Amino acid sequence: MATGKINVSVDNIFPLIKKFLYSDHEIFLRELISNATDATLKMKHLTTIGEAKVEYGNPIIEVKADKEGKKLHIIDQGLGMTEEEVKKYINEVAFSGAEEFLNKYEDSAKDSGIIGHFGLGFYSAFMVAHKVEIITKSFKDEPAVHWSCDGSPEFIMEPAEKETRGTEIILHIADDSTEFLEVGKINELLTKYNKFMPIPIKFGMKTETLPKPEGAKEEDPAPTQEVDNIINNPNPAWTKQPADLKPEDYKSFYRELYPMQFEEPLFHIHLNVDYPFNLTGILYFPKLSNDLNQQKDRIQLYQNQVFVTDNVEGIVPEFLTMLRGVIDSPDIPLNVSRSYLQADGAVKKISSYITRKVADKMNSLFKNDRAEFEAKWNDIKIVIEYGMLSEDKFFDKADKFALYPTVDGSYFTFEELQEKIKDTQTDKDGKTVILYASDKEAQHSYIETAKAKGYEVLLLDSPIIGHLMQKLESSKENISFARVDADHIDKLIQKEETQISKLSEEEKETLKKELEEAITDKSFTVQLEAMDSDSSPFTITEPEFMRRMKEMQQTGGGGGMFGMGSMPDMYNLIVNTNHPLVSEFLNTKTAKKKERLINQSLDLAKLSKGLLKGKALTDFIKRSYEMVK
């Protein structure tokens, strides 16, 4: 037997490990199983190249909980270690690594963006154990070794009785960590971190039902057998070549990743590159709602099939964090802050590659099956629009396949739309005006007025559309967007011809004064316009610029100069001076009748705009019944 002292300058490093890493103490199991996997894969490599003259066999990693003895065992059939290797890799490398990590961690802990403490390795065991034992036998023909340490810098090393190669780590679980002896907790951690590890992981046994023998009666119970409970899938879909997978394999893997998700993904993107960085993975487009915040943090980041985190901000471009799936790369630094990560050259290349792959997949779907792409557009548009806003390279690619649906259910690319409307919707100044609605029902009367003129009206209803329109207006020449209720249709797309008003200047002045006195709501500005006599007498519009700024405020940005939420509602009441009803206002001598006519007409305009609510709506209905009588 030999005793010794671990060579670290900190007198007692173990309380520090526990203190600094306490919030992540559950990852000890991930770390120990990662080490066991590494040892097993190295064994496979050495046998493959003929350096190890032993049989590789079908090794597994076993986790065993001894609740009564307060012990947790992690057993592998990997390389094992000689006495010299235990001295080197446990007494020297592991603990000098621990000390180095703690020195870095004290500084970087101030940055709440630390991603995950990957590579903590063997010493993470002391986060949950007051004593740790290692029983190991190397594949080389050397005696087995038993090493133990009770959480002080002192260790004991002696020969062991182990006959088979590999390593067993025994954790004597501390009193404040006994939850890690519970079957449910261990299952939870193994499923979370090790679900796709490349070596089978056994945890206990399970009962398997066998087929009934021939001639068995219906009431006879089916035979059963006890088998190893293997908790992981060592060969997940993303580790295979796309050519080896069928569409059903991708769907099946999606269900494996998200067992509580009942909707099928719309489509997938298989990532597979080994130069200039190594990255594999599968991303899925799920059906997306307009709530951006609910969608995020569904992509899982792995390193060599070990789960790291589901917060991939800084690695995956922000607009793609609404997707789901897996990315696996050994080239992403993990013990770093987010600001460092975003400046890392390899990470930038990975982010650009993912963006390009998504854009290429979209373009391919659009070209190969446009009808199918159009059918899925409403479920994916939020990601595409967000990407066009946030990534210039993506904008350039997406400009070819991004769709602009009309209220009638047609879909156009921007180029197609421009070509279709340039002759009808170009104003007197040579600017093409793209009309749109955000709510087909609420803006129905305005849409019908525009369609009567032969104009095309888009249906743009995503929460970030205001920002995207701003970008399109600045990047395209001679175009502008206008919502159909932003002004009277003849003002939205002004042509050369102007209508002549039937009212004299004096009559218009009188009319405007009477209307402003009758309308008590100061959010309305009265505007007199000469229009067709069959156009509405009163039309309520919302100025495009002010309304758009207000909407952009609500989705973050665009309105900082006004202060969040400080912009009031503003409406224009456009009065058609050529409508017979407007002439009647002027000719009515009875003040009461005039007031009733104005109120009724104004309320009809409000009703059309969806602004008539509560008491005002009740009064309008009551007044309408009186007029019918």
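Predicted model: local features only at pLDDT ≥ 70, side-chain atom pairs only at ≥ 80, totals over all residues.
Let me begin where two helices touch: Leu581, Glu584, Phe585 and Leu586 in H17 meet Lys593, Lys594, Leu597, Ile598 and Ser601 in H18, where contact means heavy atoms within 4.5 Å. By class, this contact has five nonpolar, one polar and three charged residues, with Ala, Val, Leu, Ile, Met, Phe, Trp, Tyr, Cys and Pro counted as nonpolar, Asp, Glu, Lys and Arg as charged, and the others, Gly among them, as polar.

Residues are numbered from 1 along each chain as its sequence is written, and side-chain values use heavy atoms, with hydrogens and water left out.

Now to the aromatic rings, where rings of Phe, Tyr and Trp (its six-membered ring) pair if their centres lie within 6.5 Å. By this rule there are 24 aromatic pairs, and ring pairs join Tyr193, Phe196, Trp238, Phe253, Tyr302 and Phe307 into a cluster.

The charged end of arginine 324 sits over the ring of tyrosine 258, at 5.9 Å from its centre, and lysine 471 lies over the face of phenylalanine 395, 5.3 Å from the ring centre.

To close with another helix contact, Leu29, Arg30 and Ile33 in H2 meet Ile186, Leu189, Leu190, Tyr193 and Asn194 in H4, and this contact has six nonpolar, one polar and one charged residues. Helices here are DSSP runs (H or I, at least four residues), numbered from the N terminus.

Definitions and conventions. Phe/Tyr/Trp six-rings, centres within 6.5 Å; stacked < 30°, edge-to-face > 60°. Lys NZ or Arg CZ within 6 Å of the ring centre and 35° of its normal.
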